[in-house]
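Hello,

Here is the structure I promised to pass on.

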Amino acid sequence: MSGVQNLTVDEDGQDQRLDRWFKRMFPHISQGRIEKLCRKGEIRVEKGRVKPGTRLETGQNVRVPPLPDARDLRERNIAVVTDDDREMIQNSVLFKDEHFIVINKPAGLPTQGGTGHDIHVDMLAEELKFGEEKKPKLVHRLDKDTSGVLLLARNGRAAKALAKALQDRETRKVYWALVAGRLPERVGTIQYGLIKAGGHGPNGAGEKMHCVHPNEVDSTPGAKRATTDYAVIENIGTRATWVGLVPVTGRTHQLRVHMAEIGCPIVGDGKYGGSSQSNDGEGWGAKIGGDVSRKMHLHARSIGFVHPFTKKEMFFEAPLPEHMARSWDLFGWNLKWAPKDPFAIFE
């Protein structure tokens, strides 16, 4: 914990908002913490109370109260945004305009916070303001271990329009997956309903989705209909398959549960595929051995939609994460073999 500091605003701080200057000087202190310190009058400029949006001038004196350092926060298991985190999330941006931002979410990064204090996209959105007053808002989610295209809205109008497009299924989301085994058809549709079963851990930890036969969905309390289209792009005999997936509905863990249900779990999916079980083409399990990474091989490859304001056709494609790219190289698969929409080859 530091003591009280009195800092002088340098030339780079001229006309800069206090909260942004503070984040530049103390990047591990959250926006919420800065706002609280301003409300309590602990941060002062020229001995006067200030708001987070107060504009600074070169040469002004800023009183900084005692602050925990990054090590203190980590020891208390409090998430801290580091310079590496900031660089990572900003380098993930695929596109931005005044209405929305598209990022390639890294595998292993949660979209939102849950139990614990993990760094997540919603927290890191503070680093994606790019001159705006408010951070961009999430309009949909990806599982923690799923990588790929993720949309964030930069204003309320965009958030409402994009959320409606997703709800009305006016977007085209295509996922790529490496699954164990060989699918029954080159192109097909999975229509098992889904129902949530509670976990046995604290606060329901460990809950899973389970499949319900389509004919039994209406008579099963809590079950919801779910539909997934799949198209095979390439395969290695009966050992593994590169498949394109389109979630027609958007249920929790839908793609993972559906692929496991038909005996071709997504490689690295220990929750639904039993990662400890080997799948050499005849058995069932999400581990295919060899040099293939045990990480989840599910990637939100692309999204297409009509821009809600310019009305232009928009299409964004996210590069594969490193562990999936290594698997593709291992099998000798060329990314150019797959069309933008893998279902187009079957039309």
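What percentage of the residues in the protein chain is buried? Buried residues make up 45% of the 347 in the chain, where buried means under 20% relative accessible area, exposed over 50% and partly exposed in between, with a 1.4 Å probe and protein chains only.

Before the details, two notes on the source. This is a predicted model, in which local features need pLDDT of at least 70 and side-chain atom pairs count only at pLDDT 80 or more, while totals for chains, interfaces and linings use all residues. Residues are numbered from 1 along each chain as its sequence is written, and side-chain values use heavy atoms, with hydrogens and water left out.

The chain holds nine helices and 16 strands; these are DSSP runs (helices: H or I, at least four residues; strands: E, at least two), numbered from the N terminus. Among contacts (heavy atoms within 4.5 Å) with a separation of 6 or more, 65% join residues 24 or more positions apart.

The largest nonpolar core has 29 residues, a core being a set of buried Ala, Val, Leu, Ile, Met, Phe, Trp, Tyr and Cys residues joined through side-chain atoms within 4.5 Å. Ile-103, Val-179, Leu-183, Leu-245, Met-259 and Leu-298 have the most contacts inside this core. Elements giving it two or more residues include strand E6 (100-105), helix H5 (121-124) and strand E8 (147-153), and the largest share, three residues, comes from E9.

Lastly, the backbone. Most residues other than glycine have a negative phi. Glu-46, not a glycine, has a positive phi of about 50° and is partly exposed at 46% relative accessibility. His-253 has a phi near 60°, but is buried, with a relative accessible area of 18%.

Best wishes
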